[in-house]
Amino acid sequence: MTSEEIYSKLEPIIKTYLPEDVSAKEVNRKSDLTRELNINSAHLVDIVLDIEDVFNIEFKNEDMERLRNVNDAISLIQQKTSA
Amino acid sequence: MKYQYIINQLPYSEPFLFVDEVLSVSEDNILGTYTFKKDLIFYEGHFKDNPVTPGVILTECMAQIGLVCLGIFLLKDETSSEKINLALSSTEIDFYCPVFPGEKVKVVSIKEYFRFNKLKCKVKMLNAKDEIIAKGTISGMIVNRDLK
């Protein structure tokens, strides 16, 4: 899967969990999920669980530690879907 | 009392402890009880001359039994002396009937998932007649440090 294809599936997942005071327009590939998009740690878990379902992959605790921005998510998904 | 070790691990005390007993617990569910003593402080004001247990207190009781007690059990092998703290992250509860002073309630919680330190459960509260008082979902993040 190309990173564009991944992003097109990932973007709607992230937008589901955006707080009301963050506009969907602010989501881009460099967005820091917790610091810039203001997603809390509980919703970050929800995003990962949705990613697991949509891409049929499994995240581990150490993957969580590497997950900071949207590009991190894309590269983790790319790694796992191509494995 | 069964499962006293779970209750001993709870980070609450009077007047904010809403767990009396844990009757059963497994990797997937928990059952506990609490009796709302007639002299609890909030009955003086909720409501004036008409004491009814506040919904937030029912939610707290459901969270303490359904989420925190279950969380302590799920983490029993990982934590030794360290106290568990659980930060509530979301509650969605519907209420069906009132709880008056002196009533004993049962809380049943079924785990939906426990991953990356987030515990999400479907939780029900029942009265002595086994009628549903409240039900919904509660989730929290387990953090093994002081919340400051």
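Mentor: The expected span of a helix is 1.5 Å times one less than its number of residues. Keep that rule in hand. This model is predicted.

Trainee: What length does helix H2 of chain B reach from its first C-alpha to its last?

Mentor: H2(B) covers residues 55-74, which makes 20 residues. At 1.5 Å a residue, 28 Å is expected. The helix comes close to that, with a reach of 27 Å.

Trainee: Where does H2(B) bend?

Mentor: Look along the helix axis. The bend is about 30 degrees. Its position is Gln64(B).

Trainee: How many residues of H2(B) are buried?

Mentor: A residue is buried if 20 or more other C-beta atoms lie within 10 Å of its own. H2(B) is mostly covered. Of its 20 residues, the buried ones number 14.

Trainee: Now the strands of chain B. How many bridges join E4(B) to strand E5?

Mentor: E5 of chain B spans residues 118-126. It runs antiparallel to E4(B). In this pairing, Lys111(B) has Cys121(B) as its bridge partner. The bridges between the two strands number 9.

Trainee: Which residue in the turn of that hairpin has a positive phi?

Mentor: E4(B) and E5(B) form the hairpin, with 2 residues between them. The phi in question is about 50 degrees. The residue is Phe116(B).

Trainee: On to chain A. What pattern does chain A follow along the sequence?

Mentor: Count the elements. Chain A has 4 helices and 0 strands. Read along the sequence, the pattern is α-α-α-α.

Trainee: Why is chain A as compact as a globular protein of that length?

Mentor: The globule rule gives 12 Å for 83 residues. The chain is close to that, so it is as compact as a globular protein of that length. The radius of gyration of chain A is 12 Å.

Trainee: What percentage of the residues in chain A is buried?

Mentor: Chain A has 83 residues. In helix H2 of chain A (residues 41-55), the buried residues include Ala42(A), Val45(A) and Ile51(A).

Trainee: Which residue just after H2(A) takes a positive phi?

Mentor: H2(A) has 15 residues and reaches 21 Å, close to the 21 Å expected. Just after the helix, phi is about 55 degrees at one residue. That residue is Asn56(A).

Definitions and conventions. Residues are numbered from 1 along each chain as its sequence is written. Chains are lettered from A and ligands numbered from 1 in the order in which they are written. This is a predicted model: local features need pLDDT of at least 70, side-chain atom pairs count only at pLDDT 80 or more; totals for chains, interfaces and linings use all residues. The bend at a residue is the angle between axes fitted to the seven residues ending there and the seven starting there. A residue is buried if 20 or more other C-beta atoms lie within 10 Å of its own, exposed if 12 or fewer, and partly exposed in between; C-beta atoms are placed from the backbone. The radius of gyration is taken over C-alpha atoms; the globule rule is 2.2 Å times the number of residues to the power 0.38. Two strands pair if DSSP finds at least two bridges between them.
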